[in-house]
Amino acid sequence: MANLLGKRYQCSVCAATVLVTKAGDGKLLCHEQVMEVAQAKPLPSSD
Amino acid sequence: MLDARLLSGGPDGLDAALADTLGSPALLVVDGLRDVDPPGLELLRRVPLVTAGRAPLDSAHADAVDLVLADDAALGRAQVGCARAPRAATAAALLLRCGGGDWWDGLVRESTTYSMLQGGSEFLGWRSARGEPAAARDPGPRVRVDRHGRVTEVTLTRPERHNALDVRLRDELHAALGEAFAGEGPVVLLGDGPSFCSGGDLDEFGTFPDPAAAHLVRLSRSLAARLAAHGERVVVGLHGACLGAGVELPAFAAHVVAADDARLGLPELGLGLVPGAGGTVSLPRRIGRHRTLELLVHDGTISAAAALGWGLVDEVVPRAQLRSRCRQIAESGS
């Protein structure tokens, strides 16, 4: 699974966060686990 | 009704004639428009009412008004539509009149007008009649993404609500489109269930924090902006109810295929609003500002065949062939 430019990835063990500035393949690992993409900040409805 | 002769004497005659109107009635039909000369036509551009003339009109005269009325039935629909929400109808006409140009600028203008109306009496009246708004509670993902070779297929997955656009669908679709466009290849957009998208989820309407904040939220998580920026890569398949955002967003796409059961419409006037999903940018590019306003004031929907005639959609296929035809266009480019 590709890592996307501009996305933040977090380690679920130590909360270290990386920001991807160059997209590419491969896995981001921390504490031997694949780092999870941080979800977009929830915004309220605009309607 | 305005006698066109009042336009021949400069702005004072027009001001005197319009002095007693403030928004209602919102529709100003110019009687004898085709005899008005350019200085008179120029005055009409600055009238804060929905202006109309009767067909046939050459392009210079059509350009001077917001609506071109084909017949008495069209006049009737325009009167009913403008009376339903005179301030929203006028705001829509003024917005479309200053249209054209860069799509982002158009989205900023649209959002500004929308937020203005969210603070107005017509929307407030609709909301009071409808009752308390609430966030949607049905669980489950709103969007599914599949890849077939180079093609990314994004499908709306809220069929029991006709893919009504609630906050969750907005956010999931925004993220899915962002990822699709970050990659390569064509993007196909479809909807599960009986309809492509019935527009904004009305149960949620009124949950916006306040009009000023809503303006910024709208521009920060804009589905219209995503599609406007990458529309040349997009094929949309429409079926069933395609209302509000369900017609505004597809209109940004390079290819729009409609199933024969598709019904397209803009219901926002009934809420005291204008289109808020980019429709004042996307529809005029395909069908012009006159037909866009006509669709907005029209109380109802148009068929896939009528939409094809206007250029709002690019082709019509039997319902059963919609998905395969969209894939075919995405894979082969035509």
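Colleague: Is B:Arg170 buried or exposed?
Modeller: The relative accessible area of B:Arg170 is 9%. The rule calls a residue buried under 20% relative accessible area, exposed over 50% and partly exposed in between, with a 1.4 Å probe and protein chains only. At 9%, therefore, B:Arg170 is buried.

Colleague: What kind of model is this, and what is left out of the side-chain values?
Modeller: This is a predicted model, in which local features need pLDDT of at least 70, side-chain atom pairs count only at pLDDT 80 or more, and totals for chains, interfaces and linings use all residues. Residues are numbered from 1 along each chain as its sequence is written, chains are lettered from A and ligands numbered from 1 in the order in which they are written, and side-chain values use heavy atoms, leaving out hydrogens and water.

Colleague: Which residue forms a salt bridge with B:Asp171?
Modeller: A salt bridge needs a side-chain nitrogen of Lys or Arg within 4 Å of a carboxyl oxygen of Asp or Glu. The closest N and O atoms of the pair are 2.9 Å apart, and the partner of B:Asp171 is B:Arg170.

Colleague: How many residues apart are B:Arg289 and B:Asp66?
Modeller: The side chains of B:Arg289 and B:Asp66 form a salt bridge, 3.6 Å from N to O. B:Arg289 sits in helix 12 (residues 279-297) of chain B, and B:Asp66 in the loop between helix 3 (59-63) and strand 4 (67-69); helices (H or I, at least four residues) and strands (E, at least two) are DSSP runs, numbered from the N terminus. Both B:Arg289 and B:Asp66 are buried. The pair links distant parts of the chain, and the separation in residues is 223.

Colleague: Where in chain B does B:Asp201 lie?
Modeller: B:Asp201 meets B:Arg158 in a salt bridge of 2.9 Å, N to O. B:Arg158 is in the loop between strand 6 (151-156) and helix 8, 43 residues away from B:Asp201. Both residues are buried, and B:Asp201 lies in the loop between strand 7 (187-191) and helix 9.

Colleague: Are the rings of B:Trp103 and B:Trp104 stacked or edge-to-face?
Modeller: The structure has four aromatic pairs over all chains. Their ring centres (Phe, Tyr and the six-membered ring of Trp) lie within 6.5 Å; planes under 30 degrees apart are stacked, over 60 edge-to-face and the rest tilted. For B:Trp103 and B:Trp104 the centres are 6.4 Å apart and the planes at 85 degrees, so the pair is edge-to-face.

Colleague: How are the rings of B:Phe123 and B:Trp126 arranged?
Modeller: The centres of these two rings are 5.9 Å apart and the planes at 20 degrees. The residues are three apart in helix 7 (residues 121-130) of chain B, separated by about one helical turn. Both B:Phe123 and B:Trp126 are buried, and their ring pair is stacked.

Colleague: Which three residues supply 37% of the area that chain B buries against chain A?
Modeller: Chain B and chain A bury about 1100 Å² between them, 56% of it on carbon and sulfur atoms. Buried area is the accessible area (1.4 Å probe) that two parts lose on being put together, summed over both. The three residues that supply more of the chain B area than any other three are B:Glu179, B:Val217 and B:Arg221.

Colleague: How many salt bridges cross the interface of chain B and chain A?
Modeller: The contact, meaning heavy atoms within 4.5 Å, takes 18 residues from chain B and 10 residues from chain A. The search of the whole structure finds 24 salt bridges over all chains. Across this interface the number is zero.
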